[in-house]
Amino acid sequence: MNHTAIKPPAVGSHDDWLVSMPKADLHVHLVGSAAPATVAALAARHPDSGVPADAGELAAFYKFRDFPHFLDVYKLVSDLVRSPEDVVTLVAGMAEDMARQGTVYAEVTVTPVSHISAGINPGELAQALDIGVAAARACGVELAWVYDISALVERAGAHRTLDAALHHPPAALTGDQQSPHTQSTRSAPVVGTSSTTSDAEFLVVPR
Ligand SMILES: [Zn+2]
């Protein structure tokens, strides 16, 4: 693993020491972790999105009023991801942020149905995630993917997720996880319980 491209700050204070310590992040969402600079870049690429590209306006946009408002913002940001290039931008931005924080390994939750609905086919998604893994590795961060079946999708959405995981997996796919409240995929081949996520989540090993 190459840890040289983006170096965490030199040790000087307590915070610097924490930052410089190598860390693993075992539960982070790809869209949810997008930093303002990454969101601004995507918003500039898609001016019709309703998401501001200006830093000041973006900060105001991210002031959550309540949980429904948080979900509205999350959906608008998620809708910025419309092409494989957008996925690569998202992953590369996340990896740079992780490198600055001293994260050397992360298992990242991806919700394929969101991206498939936006017009990215499962093969393109996998290819974009593979490119993202290479970009992350170049700045010293090793990534693995967890395909997430959102509690909001019906059985068809769950099967689309499984199809993507089984037939078009990115090279670094480690598993699928399913919300404990999702009842729609009981027929899915659940073969083990994830040790890295909460007890209530399932791990579907795709291969
Ligand atoms: Zn989560």
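In this predicted model, helix 2 (residues 36–45) and helix 5 (residues 84–101) have axes that come within 9 Å and cross at roughly 165°. Because angles over 145 degrees count as roughly antiparallel, helix 2 is roughly antiparallel to helix 5. The crossing in which helix 2 passes helix 5 is right-handed. On the side of helix 2, the contact is made by Ala37, Thr38, Ala41 and Leu42, and helix 5 contributes Asp86, Thr89, Leu90 and Gly93.

The burial pattern of helix 2 may be considered next. Its buried residues are Thr38, Val39, Leu42 and Ala43. These residues lie on the same side of helix 2, because they cover an arc of only 135° around the axis. An α-helix has 3.6 residues a turn, so residues three or four places apart point the same way. Among the elements that cover the buried residues of helix 2 are helix 3 (55–61), helix 4 (67–78) and helix 5.

Attention now turns to a strand. Leu143 has its place in strand 3 (residues 142–149). Is Leu143 buried or exposed? Leu143 is buried, because 26 other C-beta atoms lie within 10 Å, and a residue counts as buried at 20 or more. Apart from neighbours within four places in sequence, Leu143 is in contact with Ala95, Ala106, Val108, Gly132, Val133, Ala136 and Ala172. Of the pair Leu143 and Val108, the C-alpha atoms are 7.0 Å apart in space, while the two residues are 35 residues apart in sequence.

Note on methods:
Residues numbered from 1 in each chain as written. Predicted model: local features only at pLDDT ≥ 70, side-chain atom pairs only at ≥ 80, totals over all residues. Axes fitted to C-alpha atoms, helices over the stretch in contact; angles between N-to-C directions. Helix = DSSP H or I, 4+ residues; strand = E, 2+ residues; numbered from the N terminus. Parallel < 35°, antiparallel > 145°, perpendicular 65-115°, else oblique. Left-handed = near helix turned anticlockwise from the far one by under 90°. Contact = placed C-beta atoms within 7 Å. Buried ≥ 20, exposed ≤ 12 C-beta atoms within 10 Å, placed from the backbone. Arc of directions from axis to C-beta.
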